[in-house]
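Student: I am new to this structure and would like to learn how to read it. Could we take one feature at a time?

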Amino acid sequence: MRNPLFMTITFTIILGIALLPRNALGQNWGCKPDECCSEFGYCGKDKEYCGPGCQSGPCSPTPSSGVSVPDIVTQDFFNAIINQAPADCPGKNFYSRNAFLEALTSYSNFGQVGSSDDSKREIAAFFAHATHETGYFCNTEEQNVPADKNYCDTSPQYRDYPCAPGKRYFGRGPLQLTWNYNYGPAGNKNNFDGLKSPEIVARDPIIAFKTAFWYWMTSVRPVVTQGFGATIKAIIGDVECGGKEAAKVRARIDLYTKYCSQIGASPGGNLEC
């Protein structure tokens, strides 16, 4: 027979968990479309969730740093990147500054973080990673993907993002969106079916940039003020950091410092990962 005291304590704990308010549930539970995901991964609608640090959802605009992203990402700035790609690249007739700016209207908090230098560093970091991932905006899709590599994770925690038959979730877009558990929520946020139609990320340039912004704001923005090295960890740390791919890390850093110089921002510290 079980100890009555044990049963009372157990019941109290279970009841306490059951009575937790909806907004006490963390990011891994998923936020509703009309809720914000806070800096710490909790869901809610108040300013504590939708204010500074908000990762996704109907976030409130952050106080302006005085930086205008369109003024930083000029046509000359964009052309200087894409013109380094070979003439026969699929990205030549796909990626454009206009598509970037159109997608930006859905993510107005991008490039508005902390000080003016912080905001400029965020822009430089985004383009450093996008340049590296796509080969100067040459590729719209990941190259040389093995035929049996679908990037479909069927783990229980991703049951809300079941893979569609015959679909493959390899890298696509400026930041090479990968895995079903990214395509699903990226599609939900940007009004397309990421699980049934992942190909659209490599066919619609505005959606491509929107998915890049979505990934950036949910997975990279929370660490962006910790230095460029932290953004490398957030994007591909398990593959490149810790001495695994030192040359690739150096290439990302070189692009970042180059873009910082071009837009007039100090690169800051913590560049390595």
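Tutor: Start with how elements are named: helices are DSSP runs of H or I with at least four residues, strands are runs of E with at least two, and both are numbered from the N terminus. Ile-232, for example, lies in helix H9. Keep in mind that this is a predicted model.

Student: How many helices and strands are there in the protein?

Tutor: The protein has ten helices and two strands. Read from the N terminus, the order of elements is α-β-β-α-α-α-α-α-α-α-α-α.

Student: Is Ile-232 buried or exposed?

Tutor: The general idea is a cut-off: a residue is buried when its relative accessible area is under 20%. Ile-232 has a relative accessibility of 0%, so it counts as buried. Across the protein, buried residues make up 45% of the 273 residues.

Student: Which residues does Ile-232 touch?

Tutor: Leaving out residues up to four places away in sequence, Ile-232 touches His-129, Gly-237, Cys-241, Val-249, Arg-252, Ile-253, Leu-271 and Cys-273. Take Val-249 as one of these. Ile-232 and Val-249 are 17 residues apart in sequence, while their C-alpha atoms are 7.7 Å apart in space. For the protein as a whole, consider contacts between residues at least 6 apart in sequence: 60% of them join residues at least 24 apart.

Student: What is the angle at which the axes of H9 and H10 cross?

Tutor: The axes cross at roughly 155° and come within 11 Å. Angles over 145 degrees count as roughly antiparallel. H9 and H10 are therefore roughly antiparallel to each other. Their crossing is right-handed.

Student: Which residues make the contact?

Tutor: H9 contributes Phe-228, Ile-232, Ile-236 and Glu-240, and H10 contributes Lys-248, Val-249, Arg-252, Ile-253 and Tyr-256. By type, the residues of this contact are six nonpolar, no polar and three charged.

Student: How many salt bridges does the structure hold?

Tutor: It holds nine salt bridges. Another one joins the side chains of Arg-221 and Glu-122, at 2.9 Å from N to O. Arg-221 sits in the loop between helix H8 (205–220) and helix H9 (228–240), whereas Glu-122 is in helix H6, so this pair, 99 residues apart, links distant parts of the chain. Arg-221 is buried at a relative accessible area of 11%, and Glu-122 is buried at 0%.

Student: Where in the chain do Arg-121 and Asp-118 lie?

Tutor: Arg-121 and Asp-118 are three residues apart in helix H6 (residues 116–134), so about one helical turn separates them. They form a salt bridge whose closest N and O atoms are 2.9 Å apart. Both residues of this pair, Arg-121 and Asp-118, are buried.

How values were computed:
Residues are numbered from 1 along each chain as its sequence is written. This is a predicted model: local features need pLDDT of at least 70, side-chain atom pairs count only at pLDDT 80 or more; totals for chains, interfaces and linings use all residues. Side-chain values use heavy atoms; hydrogens and water are left out. A salt bridge is a side-chain nitrogen of Lys or Arg within 4 Å of a carboxyl oxygen of Asp or Glu. Buried means under 20% relative accessible area, exposed over 50%, partly exposed in between (1.4 Å probe, protein chains only). Axes are lines fitted to C-alpha atoms, for helices over the stretch in contact, and angles run from 0 to 180 degrees between N-to-C directions. Angles under 35 degrees count as roughly parallel, over 145 as roughly antiparallel, 65 to 115 as roughly perpendicular and the rest as oblique. A crossing is left-handed if the near helix is turned anticlockwise from the far one by less than a right angle, and right-handed if clockwise. Contact means heavy atoms within 4.5 Å. Ala, Val, Leu, Ile, Met, Phe, Trp, Tyr, Cys and Pro count as nonpolar, Asp, Glu, Lys and Arg as charged, and the others, Gly among them, as polar.
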